[in-house]
Amino acid sequence: MKPVPFSLLKNCVNAARLSPTARNTQPLDFVIVNGGEQVQRMNEAVCFGGVVKQKGRKEGEEPKAFIAILANKEKSDEKYIGMDVGIAAEAIVLTAWEKGVGSCIQGAIERERIKGVLGIPNEFNVSLVVALGFPAEKPVVEKATKNLDYWIDKKGELHVPKRSLKEVLHKDRF
Ligand SMILES: Cc1cc2nc3c(=O)[nH]c(=O)nc-3n(C[C@H](O)[C@H](O)[C@H](O)COP(=O)(O)O)c2cc1C
């Protein structure tokens with residue numbers, strides 16, 4: 001897998017920096033990890049595909065870069081911090097995808113371990129991590145029935161069930 005250009009990762013963080021935050025408090029900082037041993041350490045501190053049996057990544061197909069989203073504890077409003085972080089994460093995902101770089105938001109992460117790996121000061125929480133790389137797979141989006149678990153078929157293709165537009169969209173009244 002090709003490495004991710006640092007300039008693209010910087011653009012991702014720039015998009016996150018410019019994203020809206022509640023009351024414009026801008027409580028977020030970001031750490032880019034791109035290549036080398038730090039990437040390996042990050043790969044060991046995240047958990048891919050918690051729902052599927054075949055956890056982890058195939059060798060050589062691990063993410064090549066990470067962006068950690070940090071929330072300043074003092075500036076974080078409990079009511080809105082999750083939303084601020086989510087909006088920033090999506091800005092990163094969309095900016096990367098525009099240039100053909102795939103990503104996966106990571107919430108099931110070893111936060112204390114990541115704090116150590118990245119040397120994060122105590123006044124920050126590690127909220128989310130976005131793993132990035134040029135895609136090694138083409139996930140199939142399919143209409144969900146009852147079960148929303150994503151799954152991997154015999155060919156190794158990832159299937160992601162999504163609730164239909166008809167089911168989730170309500171017009172004028174629920
Ligand atoms: C807040 C959040 C946390 C997530 N945490 C993880 C995670 O720890 N590990 C993982 O493999 N995927 C994680 N995901 C990715 C979701 O599993 C994925 O977005 C979902 O299965 C839908 O797939 P799609 O992104 O291809 O549409 C997370 C996504 C979000 C939004």
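Analyst: Around the buried residues of H3 (81-98), the cover includes H1, S1, S2, S3 and strand S4 (124-133). Contact here is a C-beta matter: two residues touch if these atoms, placed from the backbone, lie within 7 Å. Helices (H or I, at least four residues) and strands (E, at least two) are DSSP runs, numbered from the N terminus. Please keep in mind that this is a predicted model, where local features need pLDDT of at least 70 and side-chain atom pairs count only at pLDDT 80 or more, while totals for chains, interfaces and linings use all residues. Residue numbers start from 1 along each chain as its sequence is written.

User: Which residues of H3 are called buried, and what makes Ala96 count as buried?

Analyst: The buried set in H3 is Ile81, Asp84, Val85, Ala88, Ala89, Ala91, Ile92, Val93 and Ala96. A residue is buried if 20 or more other C-beta atoms, placed from the backbone, lie within 10 Å of its own, exposed if 12 or fewer, and partly exposed in between. Ala96 has 24 C-beta neighbours inside 10 Å, so it counts as buried. Leaving out residues up to four places away in sequence, Ala96 touches Leu8, Cys12, Val101, Ser103 and Leu132.

User: Why is Leu128 called buried, and which residues does Leu128 touch?

Analyst: Leu128 sits in strand S4. Its count is 20 C-beta neighbours inside 10 Å, and therefore it is buried. Beyond residues up to four places away in sequence, Leu128 touches Ile69, Val85, Ala89, Ile105, Gln106 and Gly107. Leu128 and Ala89 are 39 residues apart along the chain, and their C-alpha atoms are separated by 7.7 Å.

User: Why are the buried residues of H1 said to line one face?

Analyst: Leu9, Cys12, Val13 and Ala16 are buried in H1. Seen down the axis, they fall within an arc of 95° (the arc of the directions from the helix axis to the C-beta atoms), so they line one face of the helix. An α-helix has 3.6 residues a turn, so residues three or four places apart point the same way. The buried residues of H1 pack against strand S1 (28-34), strand S2 (65-72) and H3.

User: What arc do the buried residues of H2 span, and which residues are exposed on the other side?

Analyst: Val39, Met42 and Ala45 are buried in helix H2 (residues 36-45). Their arc is 120°, so they too line one face of their helix. Glu37, Gln40 and Glu44 are exposed on the other side of H2. S1, S2 and helix H4 (111-118) are what the buried residues of H2 pack against.

User: Why is the ligand said to lie between the domains?

Analyst: The protein is divided into domain 1 (6-136) and domain 2 (137-174), with bounds from an automatic or database domain assignment. Both domains give residues to the shell around the ligand, so it lies between them. The shell includes Cys47, Cys104, Pro139 and Tyr150; a residue belongs near the ligand if its C-beta atom, placed from the backbone, lies within 6 Å of it. Strand S3 (residues 102-106) supplies the largest share, three residues.

User: How many shell residues are nonpolar, polar or charged?

Analyst: Eight are nonpolar, four polar and none charged. Ala, Val, Leu, Ile, Met, Phe, Trp, Tyr, Cys and Pro count as nonpolar, Asp, Glu, Lys and Arg as charged, and the others, Gly among them, as polar.
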